[in-house]
Amino acid sequence: MPQSTSPTGRSTAASATSPLPSMPATGARNWRDYALLFALACCWSSTYPLAKLALDTIPPITFISVRSLIAAAFLFPILRMRGVKLPTDLKAWKLFATQQLINSTFPFLIITWSQLYVPASNTVVLASTTPIFAFLITSLITRHEPATLLKLAGAILGLAGTIVIVGLDALRGFGSEIIAEIAILLATISFACATIFGLRLSEYDPMVVATGSLLFGGLVLLPPSLIIDQPWTLHPTPTAIVATIVMGIVSSALGLLLFYVCLGRLGTLTTNAQGYLRIPIGVGLSVLLLGESVPSNLALGLLLVMAGVAAMTVPAERLKWR
């Protein structure tokens, strides 16, 4: 039965009693669901090249705050046109705040700081462990959806493909900046927890969740930005300004909206598979926007990535003999 949505963005047919909703029935999936997953990967794969263009002249705290506020400002008029209002109850905003802290504010600040000490290739490999952490948390703790060995194999294949794409020589530098590398792993664990915690928001309209989360994320970092960075003294380049606006609309607004739609349709582990799709797409964008060279092992790495994504996304019942 389709769910209806109240003017406050709450799904009237959703159950508020279950602390962690289960994954939707896999039989309900179709090609549109996987097209949404691919669209999410495209939106989020633009994060690294756009951030690199923006962070040259915009400090991290101000950058994250501004892009979040731009994203919220982009989504808010759309909500108004749909006749949907943001909730006003404290419970909803506690959920939005928690989700934004563990899915964006904390991990992005940590990764931004870590990139001062860890090469980009190492960061890509470490950040690609999110699906594995999501599998372990799902399998050992929450058990809110089936964590099969096939999905684990897919997560490992995807990680292997990522390593091949960025180059095996990227592994040689591991351990030289152990504190920063551990910090990146903490950020990826935070991402994994966010995909699981996000299921608690399934009773709300995905656009309401995205708008509320981004608004909180932008406002909570605004005071530190004003005190530490003093934005009025900055001189961002036109390229940095355009990159920040595009990232706010594409990566943050549309990306977060698609993220919550995919969570509701595909579940935690399958949604995390887009993390591997982002690698080859991100490499392509880096070549196009930043003029970086094409990795020599891109074809082999892409093959491993696609095998891993397939293993993580194919519904289990399709593998059974008929």
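Predicted model: local features only at pLDDT ≥ 70, side-chain atom pairs only at ≥ 80, totals over all residues.
**Notebook: a helical chain, its cores and its cysteines**

I started with cysteine 193, which counts as partly exposed at 31% relative accessibility.

I went on to cysteine 43 and found it buried, with a relative accessible area of 9%. That is under the 20% that buried calls for. Which cysteine sulfur is nearest to that of cysteine 43? I looked it up, and it belongs to cysteine 42, at 7.1 Å. A disulfide needs the two sulfur atoms within 2.5 Å, so cysteine 43 is in no disulfide. I then checked the whole structure and counted zero disulfides.

**Overall make-up.** Of the 322 residues, 48% are buried. I noted an accessible surface of about 15100 Å², with 70% of that belonging to carbon and sulfur atoms. For contacts with a separation of 6 or more, I got 89% between residues 24 or more positions apart.

**Cores.** I looked for the largest nonpolar core and got a set of 31 residues. Leu201, Leu256, Phe259 and Tyr260 have the most contacts inside it. Which helices each supply at least two residues of this core? I wrote down H1 (31-45), H3 (60-82), H4 (90-114), H9 (206-229) and H10 (238-266). H10 gives the largest share, nine residues. There is also a second, separate core of 12 residues, and I jotted down Ala155, Ala273, Leu277 and Val305 as being among them.

I took a closer look at leucine 256, leaving out residues up to four places away in sequence. Its list reads Trp44, Gln100, Asn103, Ala210, Ser213, Leu214 and Ser251.

**Glutamate 177.** Last stop was a loop residue: glutamate 177 sits between helix H7 (149-166) and helix H8 (178-197). Is glutamate 177 buried or partly exposed? I have it as partly exposed, because its relative accessibility is 34% and that class runs between 20% and 50%. What does glutamate 177 contact, beyond its neighbours within four places in sequence? I found Tyr117 and Val118. I also checked glutamate 177 against serine 114: they are 63 residues apart in sequence, yet 9.1 Å apart in space, C-alpha to C-alpha.

Key:
Residues numbered from 1 in each chain as written. Heavy atoms only, no water. Core = buried A, V, L, I, M, F, W, Y, C linked by side-chain atoms within 4.5 Å. Buried < 20%, exposed > 50% of the residue type's maximum accessible area, 1.4 Å probe, protein only. Helix = DSSP H or I, 4+ residues; strand = E, 2+ residues; numbered from the N terminus. Contact = heavy atoms within 4.5 Å. Areas by Shrake-Rupley, 256 points an atom, 1.4 Å probe, with all protein chains shown as cover.
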